[in-house]
Protein chains: 2
Amino acid sequence: MRLATVRTAVGTSAARVDGDHFELLGFDDVGALLASGTSAAVADVIGVVPSARAVLAPVVPQPGKIICLGLNYKAHILESGRELPQYPTLFAKFREALIGPTDDIELPSEQVSEQMDWEAELVVVIGKSVRHADAREARAAIAGYTIMNDVTVRDWQRRTLEWLQGKTFEGTTPLGPVLVTSDELGDATGLQLSCRVNGEVMQEATTSDLLFTPVDIVQYASTILTLRPGDIIATGTPGGVGFARSPQVFLRAGDVVETTIEGIGTMRNVCHGCEGSK
Amino acid sequence: MRLATVRTAVGTSAARVDGDHFELLGFDDVGALLASGTSAAVADVIGVVPSARAVLAPVVPQPGKIICLGLNYKAHILESGRELPQYPTLFAKFREALIGPTDDIELPSEQVSEQMDWEAELVVVIGKSVRHADAREARAAIAGYTIMNDVTVRDWQRRTLEWLQGKTFEGTTPLGPVLVTSDELGDATGLQLSCRVNGEVMQEATTSDLLFTPVDIVQYASTILTLRPGDIIATGTPGGVGFARSPQVFLRAGDVVETTIEGIGTMRNVCHGCEGSK
């Protein structure tokens, strides 16, 4: 099953994908649907929108928390001369960063930064509250998977030891297009993931190369705190980011970023210059 | 004016302190009151509770975001041999970490960690949405100030480069007891701050030693994203944490942690062993 959050005249609505239509369900978004405990398969349909006319919001627009991982693709860690880490590197992002799968990526003004960079990532969406999970409970807590491009303001990420400030610029982080439930994607292993910029493949990897798998990460994070329905966990990015290229490449106004994971879909976002800064 | 979030039989209620009583206002908590835009000074009183019988929740139980600073007391930075940083170090905490000003601090099981440590901090509470603020706008966006003890699981903080996992253990972080509005506290400079453990003074400093002031931090963070009513910003901790002592000292079950800021109040939290972990 594939779920989305569709923009409507009065806000957003959770929706179920049915061929070339979205069936609108009686919940404000996929997060609210998951929090309700209602099975999406049997939820009442309150309207239908042709896919061609639907505009999608972030698949979970208001997650209670957004947990992100760094350093989680084995080939990329080893090629950069590092040892495989014993523990996952966790950091946060705030919901103000999220945008929909076709929304513009908001570039900071040139005075703020000219180092916007891409990071294609597989995302776990939590479906059930869980704490101190074993592997079985962790697997059962996963509603399904979606895609994030963890777009990063590289120089701000590196201003201090902590990455948060480069990771949570408003309007930078596409999430979607849909949540594909675990009964279709299993543990999301062996999926091709890619990021293209203006049609050029910049990142390409398989989720089989993840050091910490979705189940590992849910189990680990649940040691720290309760994971709740609608929480999202971005599982890290493989090699090929602009910062590590020679010469370095960063996003400019008008650039088109396409982020794809096999079995989930593609997000297509255009970079847009921002005038708001002082 | 002093505001609090009082626990009731059916949840919580925002309240205004009036002598030895709490006047209950028609909002679920101080965050909801701030988000409503209603002036707390003129909000309707829907009930009264004697202070002696009131149990306080975290003063903002469900902040949209919790931004924390590291390395922000000048004397402490210099005494540890570092230069004063050019930029504030920002990291996050999730709301699951928050507890009330008299609640027990939940220790992880011994198998998880035996390195729980204290960090007394002045906290800014945002009262108005603000982005790309100048100093005047930043000051106007601050509703007031409260106290946090940013209790930290030290070994988990240091497992990886990113501190988040040691900073957001569930049920560890007291926030309160009250929000004191800016018209009483101004920019919150020159306030004595302390942390006592079992009556012994472990941290003692003045907020005049903050490198990045509340106004500085609000202005800086608003470059990154919109700050909203109820968001909280913890401004960092001075020297005297247990990890940096010789020998090191960590919190044990039964320890009493008192966190005080002049003009705001004191939180008193007892450490409680946790049995839930596997």
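Student: In this predicted model, how many cavities of 30 Å³ or more are there?

Tutor: A cavity is a set of grid points where a 1.4 Å probe fits but cannot get out. The structure is a predicted model, and the rule is applied to its protein atoms alone. With the cut-off set at 30 Å³ or more, the number of cavities is six.

Student: Which residues lie nearest the centre of the largest cavity?

Tutor: The largest cavity holds about 130 Å³ of space. Its lining is made up of 15 residues, which divide into six nonpolar, two polar and seven charged. Nearest the centre of this cavity are Gly64(A), Lys65(A), Phe94(A), Gly64(B) and Phe94(B).

Student: Which elements of chain B each supply at least two residues of the lining of the largest pocket?

Tutor: The largest pocket contains about 580 Å³ of space. Its lining has 23 residues, and Leu71(B), Arg82(B), Gln157(B), Arg158(B) and Trp163(B) lie nearest its centre. By class, the lining comprises ten nonpolar, eight polar and five charged residues. The elements of chain B that each supply at least two lining residues are strand S5 (66-70), strand S6 (89-93) and helix H4 (154-157).

Student: What is the volume of the second largest pocket, and how do its lining residues divide by class?

Tutor: The volume of the second largest pocket is about 480 Å³. Its lining counts 23 residues, with Leu71(A), Arg82(A), Arg154(A), Gln157(A) and Arg158(A) closest to the centre. In chain A, strand S5 (66-70) and helix H4 (154-157) each contribute at least two residues to this lining.

Student: Which residue in S17(B) stands opposite Arg196(B)?

Tutor: Strand S14 (residues 192-197) of chain B runs antiparallel to strand S17 (residues 256-261) of chain B, and five bridges join the two. In S17(B), the residue opposite Arg196(B) is Glu258(B).

Key
Residues are numbered from 1 along each chain as its sequence is written. Chains are lettered from A and ligands numbered from 1 in the order in which they are written. This is a predicted model: local features need pLDDT of at least 70, side-chain atom pairs count only at pLDDT 80 or more; totals for chains, interfaces and linings use all residues. Side-chain values use heavy atoms; hydrogens and water are left out. On a 1 Å grid over the protein atoms alone, a cavity is a set of points where a 1.4 Å probe fits but cannot get out, and a pocket is an open set with protein on both sides within 12 Å along at least five of seven lines; lining residues have an atom within 4 Å of a point. Grid points are joined across faces, edges and corners, and a volume is the space filled by probe spheres set on the points. Ala, Val, Leu, Ile, Met, Phe, Trp, Tyr, Cys and Pro count as nonpolar, Asp, Glu, Lys and Arg as charged, and the others, Gly among them, as polar. Helices (H or I, at least four residues) and strands (E, at least two) are DSSP runs, numbered from the N terminus. Two strands pair if DSSP finds at least two bridges between them.
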